[in-house]
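This report goes through selected local features of one protein model. Please keep the sequence and the coordinates open while reading.

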Amino acid sequence: MRATYRLQFNAGFTFLEARDLVPYLAELGVSHMYASPYMKARPGSTHGYDITDHNALNSEIGTEEEHDAMISALHEHGMGHLLDVVPNHMGAGSDNAWWLDVLENGPASVYARFFDVDWYPTNRQRLWGKVLLPILGDHYRAILEGGELKLAFDAEEGALSVFYYEHRLPLDPRTYGRVLAELPFPRADERMLELRTLADAFGNLPGREDTDDAAFEARERDAAIQRRWLVRLCREAPDARRAIEERVRFLNGESGDPESFEKLHEILEEQSYRLAYWRVASDEINYRRFFAINDLAGIRVEDEKVFDATHRLILSLVKTGKVDGLRIDHPDGLHDPAGYLHRLQAAAGKSGTEGPLYVLVEKILAHHEVLPEDWPVAGTTGYDFTNLLNGLFVDADGEAGMDRAYRRFLDRSVDFEEIIYECKKLIMREDLASELAVLSRRLVRISEGFEGGAEGRADGHARRSRDFTINVLRDALSEVVAFFPVYRTYITPGHVSETARRHVEWAVARARKRSDAADKGVFDFLREVLLLESEGPEEHRASVAAFVMKFQQYTGPVMAKGMEDTALYRYNRLTSLNEVGGEPERFGTTVSAFHHLNGERAKHWPRAMLATSTHDTKRGEDVRARINVLSEMPTEWRERLIRWGRMNRSRRREVDGRPAPSRNDEYLLYQTLLGAWPLEDMDEAGMEEFRERIRAYMEKAMREARVHTSWVNVNEEYEEAVAAFVDALVTPSENDLFLEDFLPFGRKIACLGALNSLSQTLLKLTVPGVPDIYQGAELWDLSLVDPDNRRSIDYGLRRKLLSELKDLDPADARSLLENGAWQSGGPKLYLMWKALEFRRGMPNLFEDGEYLPLEVEGERVDHVVAFARRNGDETAITVTPRLCSNLVNGSDSLFLQPETWKNTHVKLPEGMGATLRNVLTGELPEPEEHDGAACLTVSKLLRSFPVALLTAES
């Protein structure tokens, strides 16, 4: 696998459009098309993660024939296909047949076990046998008596449902009798008697609590027969149909008459769902969700039937050679990720694949964490590499200065660890409170020694721990989760790794220290439970294991929502570090650390994905590359901030007695403008489009931060003030002091950011692993967080540029760096094409070649990254600059000044006696001798192009 190219499929980008793009991708040098999920999803889905049918293609994207045409085009060009799959959750709504069946039949549904529903939640008997549906826009009674819930009869299907706008809520067939028993129809009529008989028949169906196989089969069979009977009756007797429709109108009540809705209320009370105001979801919801998204319901893929039902089409695509690899979305949400991955590989083997299927996991690793080596995967999707590589272009020496700039502008200090702690506690309190309550109640039962059928047993363990109240346990549990250092552990019954033990003990120790609990013994109890050390009878141990598995499914969403979606929008010191899987308190990556981790990847995960932009990244790769430059000039950055703050003082408003935007939001905005400001001159339409993008970004960032506004409680006045501030800053006018000062500085940052981009691009394309290119990022990627990074891509422009570049003599590559030329993205596209073509010609070198860090000597040693890849007689050498602010002459071109390198040189590997050729420029650099070793002088190596890729020629 040489390189992948990620495409986002939706109604605006279809299989046929992807088919037409294949020749361009093949020319670029990509080996595999990497697709977002394209199974049937909700109508209008822009991302595909809200799948409603795992075994059907999304008709908005194309037909089976069009999908085959895309696959044929890939194969004709010698390319493969990597597909994103979603095993953790499904879209829960009226377009999901499985979900509708669960709503109709409750625990008696064949799909009841498919979804992770707590059918009998402890201490909430009103939800026994029901699913809480927090879909209402107001309190239940207000919605009911406002006439917004509409009972409807479908005579063609013989089905009764309640509708709430786009939501369809099927009635339990056993409750149809309430509608059919009292019809405005002559009682002596033969059809009326038949309807009464039918009403009785519906009422005699087995109840939802009868879940044995015989009762289930009888309910399913008889309900279907009775519906067909009802359809026939309505077709043959129009009066009967009209009578039912009249009854439905009566049950729907009269606006202004609350009593008229009681009959409908009684019917709703008998269903297998309870309708609720959406704001109660965090406290009461009783099904596992994807993070805190109510309409994405978790599925129990650990169940063999569920696995088979959700992987039938995927495995068929693998078997027929239409898909060559899978990207597994959110494995940390699964009950047992390792078990799932082993089952997937086994199923793929049965589907005809030779050897392990190429599988990647979307696993976010902390800096101190490694991927479990027993997982049968090629590696992660590359967030760990994103942050490792990005840190290489952050100047660690600038940290203190950036701290001062941030503190000075905000007029206060900011502690990132405290922000994470507060945000994780906020998420547990507001978004995931129900899940925490469920865990707490389970923990109470474990502490009392009767969980899982051991009720009343007073074994030693129970006597030791039974005095913990639910409040004490919930508080202790929330503290441990708040300090959990990774997304989750992977403990299973009978297996507790040393890594998991360290993470649990670290979190418990931090929680104990932070807690003001009177009895700190609760933390000893928690530690025993989480490490499966709690002793007791078999039933007790089974309950402890079940609790731990659920706990592990909880820590991930808290981390994701607390850190990624909240803390990273509150802490803005250097926002290029605020990335998925990033840890912004870690300021920079040393060259030695970069080499070490590349070496580890080469040993353990040589086919892992290498990403720099994805559909989930907070900023495009070149936005980050620009913002990183600020770390090299913290003093100038602080001075600019102070000046801009004064210049724009009159443009702020006051909302609730405070400035809008706040100083923190204003600080974020300045970095965002520097990172995303377009390179081309903008006309009025272009300027308005850019303003709209920045307004939308700031709205999302502020709502995610939840400081002055949020998705749940929108502060319109504050948001309008910030939008007006954006407009004022990004609207040119006469005597505009801000833009006069900002634009020259922005051009300087953009130029240095482009140099960073070229370096990070070549590094990604040559270190161990499989490089991924996010759609459109072969040119400068100045996109922001989604949905901005899902805008349509101008592939006509890219095809044209690539065609022109292929005609360029490598000796003229220097022309791409001139001011006015590089802004098109030509240097980046040229570099990508040349490097991928080079990889195409030496596949074994990059798949199996060893990774050799090269020693750099001289005054600019910290500004160079150099390494070799070697496999037998094949060798490639990569040399890139970093921290370039002092290596340019201040012009708007991308040339590095030779004299700034002074005596800096790269020592060649021993035995390198062959002629070296620069793949990018065609030059033949002559090694020089330094202290008896053959070396390359950096000033000569990078005089024609800012990065160098060398190959040894015999």
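## Basis of the values

This is a predicted model, in which local features need pLDDT of at least 70 and side-chain atom pairs count only at pLDDT 80 or more, while totals for chains, interfaces and linings use all residues. Residues are numbered from 1 along each chain as its sequence is written, and side-chain values use heavy atoms, with hydrogens and water left out.

Helices (H or I, at least four residues) and strands (E, at least two) are DSSP runs, numbered from the N terminus. Buried means under 20% relative accessible area, exposed over 50%, and partly exposed in between (1.4 Å probe, protein chains only).

## Strand β5 and His81

Strand β5 is mostly covered, with six of its six residues buried. Gly80, Leu82 and Asp84 point one way from β5, and His81, Leu83 and Val85 point the other way. In a regular strand the side chains alternate between the two faces of the sheet. Two strands are said to pair if DSSP finds at least two bridges between them. β5 pairs in the parallel sense with strand β2 (residues 32-35) over four bridges, and Gly80 of β5 is the bridge partner of His32. Strand β14 (residues 325-328) also pairs with β5 in the parallel sense over four bridges; here Leu82 stands opposite Gly325 of β14.

His81 is found in β5, which spans residues 80-85. His81 counts as buried because its relative accessibility is 1%. The side chains of His81 and Tyr38 are joined by a polar contact of 2.8 Å. A polar contact is a pair of N or O atoms within 3.5 Å; within protein, one must be able to donate a hydrogen and the other to accept it, and residues adjacent in sequence count only if both atoms are side-chain atoms. Leaving aside neighbours within four places in sequence, the residues in contact (heavy atoms within 4.5 Å) with His81 include His32, Met33, Met70, Leu74 and Asp324.

## Helix α3

Helix α3 (residues 97-105) is mostly covered, as seven of its nine residues are buried. Among them are Trp98, Trp99, Leu100 and Glu104. At the start of α3, a side-chain oxygen of Asn96 reaches to within 3.0 Å of the backbone nitrogen of Trp98. After α3 comes Gly106, with a positive phi near 60°.

## Two antiparallel arrangements

Strands β6, β13 and β12 form an open sheet in that order, with antiparallel pairing. β6 (89-91) and β12 (289-290) stand at the edges with a single partner strand each, so one side of each has no neighbour in the sheet. Two bridges link β12 and β13 (residues 293-298), and Phe290 has Ile293 in β13 as its bridge partner.

Eight bridges join β24 to the antiparallel strand β23 (residues 864-871). β23 and β24 form a hairpin with two residues between them, and Gly872 in the turn has a positive phi of about 65°. β24 is also joined by four bridges to strand β29 (residues 948-953), again antiparallel; Ile877 stands opposite Leu950 in β29.

Glu666 is found in helix α25 (residues 663-676) and, at 0% relative accessibility, counts as buried. A polar contact of 2.5 Å joins the side chains of Glu666 and Tyr670. Not counting residues up to four places away in sequence, Glu666 touches several residues, including Phe409, Trp644, Arg652, Pro661 and Phe725.

Pro661 lies in the loop between β19 (658-660) and α25. The peptide bond joining Ala660 and Pro661 is cis, with omega about 10°. Another cis peptide bond runs from Asp786 to Pro787, with omega near 10°; Pro787 is in the loop between β20 (770-774) and α29 (795-806).

Most residues other than glycine have a negative phi, and most peptide bonds are trans. Leu883 has a positive phi near 55° and sits in the loop between β24 and β25 (905-907). At 7% relative accessibility, Leu883 counts as buried. Asp931 has a positive phi near 50° and lies in the loop between β27 (928-930) and β28 (933-937). At 80% relative accessibility, Asp931 counts as exposed.
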